[in-house]
Amino acid sequence: MENKDWMKGFQEEIDAPFAGWNFSRLTETGRMQEAPLSWNYPSVVRQKMNGIHSLLDMGTGGGELLGRLQPLPSQTFATEGYLPNVEVARAKLAPLGVHVIPADGEDELPLPDQSLDLIINRHESYLPSEVYRLLKPEGIFITQQVGGKDNQKLNHLLGAPIPTDYLHWNAAFAVNQLKEAGFVILEQKEEEAFTRFYDVGAIVYYLKAIEWQIPDFTIERYATELASLHHDLQAVGYVDIPTHRFLIVAQTQSNPVKK
């Protein structure tokens with residue numbers, strides 16, 4: 001592929017729409033595949049939904065996952081901090097009776113103390129003290145987080161600096177924070193897996209979505225590195241990018257201690 005051709009293809013990925021947290025452009029066409037973890041987050045959540053009456057999904061994106069967890073409790077809430085996603089989530093979740101709150105994971109939420117049976121959180125920030133405040137005694141918090149070592153190979157391949165703000169972020173650090181807030185840890189797991197990309201255009205689209213990985217990313221700025229990666233990937237057929245994930249299931253105490 002000549003330079004102008006692949007540059008045009010990469011620009012198409014930049015221009016392609018991205019809404020909610022939906023990578024179907026890549027996953028449904030087989031251009032990107034995620035290796036499975038030893039746990040399945042939706043399954044872990046479903047196991048804790050039996051008999052509950054209230055639920056909060058933090059960082060719901062476009063409501064993609066929450067919509068698949070039906071039937072939902074009578075009192076179900078969701079937060080989303082990225083404003084373009086808020087209306088996407090409301091359109092999907094309002095018909096299910098879900099109230100979507102525009103808020104980041106570290107915001108204080110307009111919900112009463114000890115009002116929720118279950119809080120779930122996939123790849124969203126959170127304040128342990130705020131999560132504890134919202135949960136009823138013996139309430140459950142389930143979070144799957146992206147660890148600080150995630151996707152570093154993308155930076156290496158493109159010669160971009162490694163983000164340093166979250167290098168400390170791992171299961172041990174998060175568990176200590178939750179314990180300090182008063183939680184009892186029921187389960188914790190941590191693994192490194194990989195995401196497999198079959199073309200560089202898919203990587204361009206992915207980097208557009210996860211803009212924090214390479215904040216200054218543009219196809220013009222990284223044209224030489226993208227061309228080299230395109231050549232190498234054509235020879236091999238794919239590239240694997242290591243990922244870093246951890247899962248924590250925590251519970252509030254029977255007689256909550258305010259922190």
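Tutor: Let's start with a word we will need: a residue is buried under 20% relative accessible area, exposed over 50%, and partly exposed in between (1.4 Å probe, protein chains only). The model is predicted, so local features need pLDDT of at least 70 and side-chain atom pairs pLDDT 80 or more, while totals for chains, interfaces and linings use all residues. Residues are numbered from 1 along each chain as its sequence is written, and side-chain values use heavy atoms, leaving out hydrogens and water.

Our spot is Gln 145, which counts as buried because its relative accessibility is 5%. Find Gln 145 in strand E6, residues 135–146. (Helices, H or I, of at least four residues and strands, E, of at least two are DSSP runs, numbered from the N terminus.) The side chain of Gln 145 makes a polar contact of 3.1 Å with the side chain of Trp 169. (That is a pair of N or O atoms within 3.5 Å; within protein, one must be able to donate a hydrogen and the other to accept it, and residues adjacent in sequence count only if both atoms are side-chain atoms.) Setting aside residues up to four places away in sequence, Gln 145 also touches others, including Asn 121, His 123, Tyr 126, His 244 and Phe 246; touching here means heavy atoms within 4.5 Å.

E5 and E6 pair in the parallel sense over six bridges; pairing needs at least two DSSP bridges. Look for Arg 122, which stands opposite Gln 144 in E6. E5 also pairs in the parallel sense with strand E2, residues 54–58, over four bridges. There, Asp 57 has Ile 120 of E5 as its bridge partner.

His 123, one of the residues touched by Gln 145, sits in the loop between E5 and helix H6. His 123 has a positive phi of about 65° without being a glycine, and a relative accessibility of 34% makes this residue partly exposed. In the loop between strand E4 and E5 you will find Gln 114. Gln 114, also not a glycine, has a positive phi of about 50°, and counts as partly exposed at 39% relative accessibility.

Beyond its neighbours within four places in sequence, Phe 217 is in contact with Ile 14, Leu 158, Val 204, Leu 207, Tyr 222 and Leu 226.

One last stop is the loop between helix H4 and strand E3, where Pro 71 lies. The peptide bond from Gln 70 to Pro 71 is cis, with omega near 5°.
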